[in-house]
Amino acid sequence: MKYLQQRIVPPFRAEVSGKFVKPGSLISARAQFDSRSINSDMLESVENTEIYRHVGILYDMGFDVATDGGLRNDCGYMDFFSGFNGVSPELSLSGKISFNDKHPYLRYFNYLQAVAPLGMTARVTIPAPSRLYVELVRGGSADTLYPVHDDLLRDISAAYHRTLIALYEIGCRNVLVDGWTFCADESPNECMRLNEVALNDLPADFIVSVNVGHGACGAAFAVERVDAYYIDFDVSNPDELAILEHVPDRAMVVLGIVSPRCASQDSKEIIADYIRHATRYVPIDRLCLGTACDMADCASETEQWNMLKLVHEISEMIW
């Protein structure tokens, strides 16, 4: 039974998040780059080719969102962090942190938008501000330049906010913040406040989604500027859905349910029934469907595409 029409703005009923399985050509190119057999421009050319191919497959499968699938990220989000002035690829500080108008993610978005077919929304995925803060504090690399942590928090939030504005100015209208709950154990409130400040005063039509992963606490849902939450669930445990009680009425929810171990046609009704359980907490019109893990955890590209095919088929069955 279909309840509603498909959405025309993100998040879409069938959603894509996380990293794709790295294809062999990219694994080879990365190894050649690490051994200095090719330069960064040659590596980026291979990345571009694979992103173009992946976006084309998503389009052919009927998805409305185009992502780079993390194909550029070999070591977490170090390229995003080192895109700021003052931050090295090793996460040491050479100066105060500030916005860089040559940040590589601006170039990456321009490419993604250029290859996304008409009708697809190009989405940028970035790490949460709290992740950079925790990494710098944990490594002790910020202590000399930032003996007062409030100054570090201020500069991180300002650099993030200005980068988001720069993305908006070149046409980005949807960002997914990954690792939203990546916080220091001793200062979760401080970390969530940092995330909140970085998102303040963004344009109203800039849709901000956050990935809270699995087992998030209620504090993860307290930031007003968030438009959608991506939450992973174990389809065998409907009790986990109780976390949805914390989701604000204004926000959408992407249920991360489809995983490699349940990515079979036999799982369709199980997953559909889990979505129905979720409607006890969030109305069906505010729900969407996605994967329960990084697709990079799949055994192969074939398994990855089968997972996403199932996501799209179930979304059409439900909505």
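**Reading a predicted fold, feature by feature**

Me: How many disulfides does the count come to?

Reply: Zero disulfides. The rule asks for a pair of cysteine sulfur atoms within 2.5 Å. The model itself is predicted: local features need pLDDT of at least 70, side-chain atom pairs count only at pLDDT 80 or more, and totals for chains, interfaces and linings use all residues. Residues are numbered from 1 along each chain as its sequence is written, and side-chain values use heavy atoms, with hydrogens and water left out.

Me: Is cysteine 172 buried or exposed?

Reply: Start with the cut-offs. Buried means under 20% relative accessible area, exposed means over 50%, and partly exposed is in between (1.4 Å probe, protein chains only). Cysteine 172 has 0% relative accessibility, so it counts as buried. Cysteine 298 is buried too, because its relative accessible area is 7%.

Me: What should helix H2 span, and how far apart are its end C-alpha atoms?

Reply: First, the labels. Helices (H or I, at least four residues) and strands (E, at least two) are DSSP runs, numbered from the N terminus. The expected span of a helix is 1.5 Å times one less than its number of residues. H2 covers residues 40–61, which makes 22 residues, so it should span 32 Å. Its end C-alpha atoms are 31 Å apart, which agrees.

Me: What is found at the start of H2, and what follows the helix?

Reply: At the start, look for a polar contact. That is a pair of N or O atoms within 3.5 Å; within protein, one must be able to donate a hydrogen and the other to accept it, and residues adjacent in sequence count only if both atoms are side-chain atoms. Here a side-chain oxygen of asparagine 39 comes to within 3.1 Å of the backbone nitrogen of aspartate 41. After H2 comes glycine 62, with a positive phi near 100°.

Me: Which residues of H2 are buried, and what do they pack against?

Reply: The buried ones include Leu43, Ile51, Val55, Leu58 and Met61. Packing is read from contacts, meaning heavy atoms within 4.5 Å. The partners are helix H1 (24–34), strand E1 (65–66), helix H4 (104–115) and helix H9 (301–318).

Me: Which residues have the most contacts inside the largest nonpolar core?

Reply: The general idea: in soluble globular proteins, nonpolar side chains tend to be buried together. A nonpolar core is a set of buried Ala, Val, Leu, Ile, Met, Phe, Trp, Tyr and Cys residues joined through side-chain atoms within 4.5 Å. The largest one here has 107 residues, and Ile97, Trp180, Leu244, Leu255, Ile271 and Ile275 have the most contacts inside it. Helix H6 (residues 149–169) gives the largest share, 10 residues. Apart from this core lies another, of six residues, including Leu176, Tyr230, Met252 and Val254.

Me: What does tryptophan 180 touch?

Reply: Residues up to four places away in sequence are not counted. Among those it touches are Ala128, Met192, Leu199, Val210 and Val226.

Me: Where is threonine 163 found, and is it buried or exposed?

Reply: Threonine 163 sits in H6. It counts as buried because its relative accessibility is 2%. Beyond its neighbours within four places in sequence, threonine 163 contacts Phe80, Phe84, Phe99, His103 and Leu106.

Me: In which sense do strands E9 and E10 pair?

Reply: Two strands pair if DSSP finds at least two bridges between them. E9 (residues 252–258) and E10 pair in the parallel sense, over five bridges. Strand E10 (residues 287–291) is mostly covered, with five of its five residues buried.

Me: Which residues other than glycine have a positive phi, and where is there a cis peptide bond?

Reply: Most residues other than glycine have a negative phi, and most peptide bonds are trans. Arginine 36 has a positive phi near 65°. Its place is the loop between H1 and H2, and it counts as exposed because its relative accessibility is 79%. Aspartate 201 has a positive phi of about 60° and lies in the loop between H7 and strand E7 (207–213). The cis peptide bond joins proline 10 and proline 11, with omega about -5°. Proline 11 lies in the segment before H1.
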